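User: I'm new to reading protein models. Can you walk me through a few features, starting with contacts?

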Amino acid sequence: MSVTDVRSATGEKLDELARGPQPRAALIGYLPVGFPSVPGSARAVRAMVEAGVDIVELGVPYTDPVMDGPVIQAAANHALAQGTRVRDTLLVAEQVADAGAPVLVMTYWNLVLRYGVEAFARDLAAAGGAGLITPDLIPDEGAEWLAASDAHGLDRVFLVAPSSTPERLVSTVAASRGFVYAASTMGVTGERATVGERAEQLVADTRAAGASRVCVGLGVSRPEQAAQVAGYADGVIVGSALVRPLLEAPDEAAGLDALTGVVRGLAGGVRSAVRAPR
Amino acid sequence: MRDVLRGGGPLARHEGPYFGEFGGRFVPEALIAALDELETYYRKALADPTFSDELERLHRTYTGRPSPITEVPRFAQHVGDGVRVFLKREDLNHTGSHKINNVLGQALLVKRMGKRRVIAETGAGQHGVATATAAALLDLECTVYMGEEDTQRQALNVARMELLGATVVPVTIGTRTLKDAINEALRDWVANVESTHYLLGTVTGPHPFPEMVRDFHRVIGDEARAQILDETGALPDAVVACVGGGSNAMGIFNAFLDDPQVRLFGFEAGGEGIASGRHSARFSGGAPGVLHGARSYLLQDEDGQTLPSHSVSAGLDYPSVGPEHAWLHDTGRAQYRPVTDGEAMEAFRLLCRTEGIIPAIESAHALAGAIALGREAATWAADGRDPVILVNLSGRGDKDVATAAAWFGLIEPEPVLKADEGEQL
């Protein structure tokens with residue numbers, strides 16, 4: 001089965017937004033499962049979608065998240081300390097599958113290996129999940145996942161970075177389904193004053209390597225940054241800026257209010273963007 | 001020396017990225033270009049006599065190689081009747097351990113790559129000290145990540161690194177030990193990979209590190225092989241080493257991998273015992289998984305979350321192990337067994353008292369392993385010869401004197417100062 005034979009839930013959503021009456025990029029929001037609690041994370045995801053997030057990224061808390069900065073690590077550590085399990089991710093995915101946004105799971109690879117690659121793909125598909133983002137799995141190491149994602153109709157979002165060579169852009173694009181995740185900068189997750197200058201060029205290079213959809217993550221936290229990225233990318237991925245209001249709030253209700261406010265701002269930014277012609 | 005980096009037969013020359021089903025490159029895409037660059041420079045260096053000549057000169061004039069082998073007959077009496085024990089004396093190297101072999105090799109590569117900054121992780125501090133030393137020697141900027149718990153266990157080595165001009169960053173998240181120091185070093189590397197080389201200290205991590213670090217340590221085994229042949233006229237019956245990440249063990253094992261008559265034993269930290277759950281015994285208490293860029297044996301829970309490891313030795317306190325060791329374990333070419341904290345400390349004391357050598361606590365695990373081989377070893381005698389065990393004494397115990405003195409009740413353990421809420425220390 002080739003990549004094009006499998007339906008892509010996130011790809012269809014991105015295409016729908018790009019081809020609508022007011023073409024625009026997607027806002028993609030990341031939240032870790034189990035933070036502030038397992039049911040609380042499901043409520044936060046619903047609040048985020050209602051406030052304007054188009055695609056959900058559910059993070060699986062992990063003990064050794066080398067691609068994450070301090071905000072997401074703090075939330076993940078809290079979730080693990082509360083006893084959050086990998087299977088809670090599937091539970092939350094199932095609970096929010098009808099919220100109106102495709103649900104991708106972002107996970108470090110050992111958690112899937114331990115669950116069983118085929119079993120995880122089967123159970124994620126059964127829960128209504130759209131696919132996986134794998135920050136420490138490159139396609140070169142992903143044969144088992146490529147097969148399982150084909151078998152279960154799941155998206156596989158691989159990352160490209162400013163350091164990716166033209167050859168690697170081509171091979172990563174070829175292995176991806178849904179979209180390609182362009183890391184805006186060399187670094188880990190976190191809010192930054194400016195989105196990496198090399199992001200726009202990386203999106204252009206990734207498109208030139210054959211990608212039909214490229215979304216940008218790492219460092220986006222403010223509406224004007226979202227607007228800027230939405231001008232050239234198919235999606236704007238925000239993580240730490242959504243986790244922070246939940247981390248800093250005195251209780252869950254205040255956290256959801258603050259999260260809603262941040263998402264509305266970012267959604268406004270995405271909608272205000274001037275789309276560059278593809 | 002030109003052949004030292006890649007001598008031996010097919011097992012010894014095995015190249016990554018995979019050792020059987022182990023190894024690989026499970027890292028963010030952002031690091032792949034740097035790993036490719038490193039591999040390219042490494043392969044060119046292997047083929048370039050000026051590189052091995054320069055490394056050999058440094059080993060001869062700076063490290064103090066070759067390190068001798070020492071027969072330890074009074075210690076051997078505690079192993080078994082008629083068993084001869086020889087130590088490969090990596091403790092006599094400049095900076096006090098085998099770590100300098102790999103560090104000088106990688107530092108020369110850094111100069112070739114034109115990078116100006118190195119970062120490193122360290123547990124017991126020996127790799128950090130060696131890296132800070134090479135950085136001073138070759139005029140490189142150096143940052144060393146060290147778990148906060150380890151900075152307390154190994155305060156003397158922190159001071160050494162700072163005297164040598166390195167910046168030591170205590171890591172305060174996670175388990176605050178070697179594992180988390182590696183996480184922080186990887187985060188730094190992702191952000192600064194264009195100017196910075198991650199001078200990884202052991203035979204784990206993404207390809208090409210396991211293979212490259214092994215090759216830089218092969219000098220241990222090559223020297224020891226020639227020395228023991230010279231002393232005894234035969235290859236040893238067993239080669240014994242401690243295994244944390246596994247660099248000293250891989251360095252000495254490699255020269256004997258293609259000699260099937262030589263038994264290879266790796267001793268990992270059994271901590272307070274496998275049943276206690278407080279140990280670093282990946283082969284006895286772990287399962288295959290991915291951590292820090294490589295697939296290998298790993299201490300993990302049923303979800304795949306990394307479990308905390310424990311050892312009296314900061315240098316063995318690591319939840320995974322080099323992928324080539326995982327391969328040697330699964331193929332049966334080497335055997336891996338746990339040694340408890342208590343057994344290691346008894347062996348530590350024994351070597352001090354019988355031979356006048358204070359070993360690193362890491363190396364004391366190998367010594368305890370040799371003692372545990374006792375009766376087994378007595379059956380190995382061949383051709384009327386006494387059985388011979390070669391132990392890699394990977395480092396000296398200067399850094400561990402405070403830990404050992406507290407263990408044996410010679411001094412009061414220093415209280416770890418902790419602030420109550422709101423209190424300033």
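**Reading contacts and burial**

Analyst: Setting aside neighbours within four places in sequence, E57(A) is in contact with I28(A), G29(A), Y30(A), L31(A), L104(A), M106(A), I133(A), Y181(A) and I237(A). Contact here means heavy atoms within 4.5 Å. A quick note: this is a predicted model, where local features need pLDDT of at least 70, side-chain atom pairs count only at pLDDT 80 or more, and totals for chains, interfaces and linings use all residues. Residues are numbered from 1 along each chain as its sequence is written, chains are lettered from A and ligands numbered from 1 in the order in which they are written, and side-chain values use heavy atoms, leaving out hydrogens and water.

User: Is E57(A) buried or exposed?

Analyst: Buried means under 20% relative accessible area, exposed over 50%, and partly exposed in between (1.4 Å probe, protein chains only). E57(A) has 2% relative accessibility, so it counts as buried.

User: Which residues does UniProt give as "active site"?

Analyst: UniProt positions use the numbering here, feature names are shortened, and annotations may be inferred rather than shown by experiment. The unreviewed entry places that feature at E57(A) and D68(A).

User: What does the side chain of D68(A) make a polar contact with?

Analyst: A polar contact is a pair of N or O atoms within 3.5 Å; within protein, one must be able to donate a hydrogen and the other to accept it, and residues adjacent in sequence count only if both atoms are side-chain atoms. For D68(A), the partner is the side chain of Y108(A), at 2.9 Å. D68(A) is buried too, at 3% relative accessibility.
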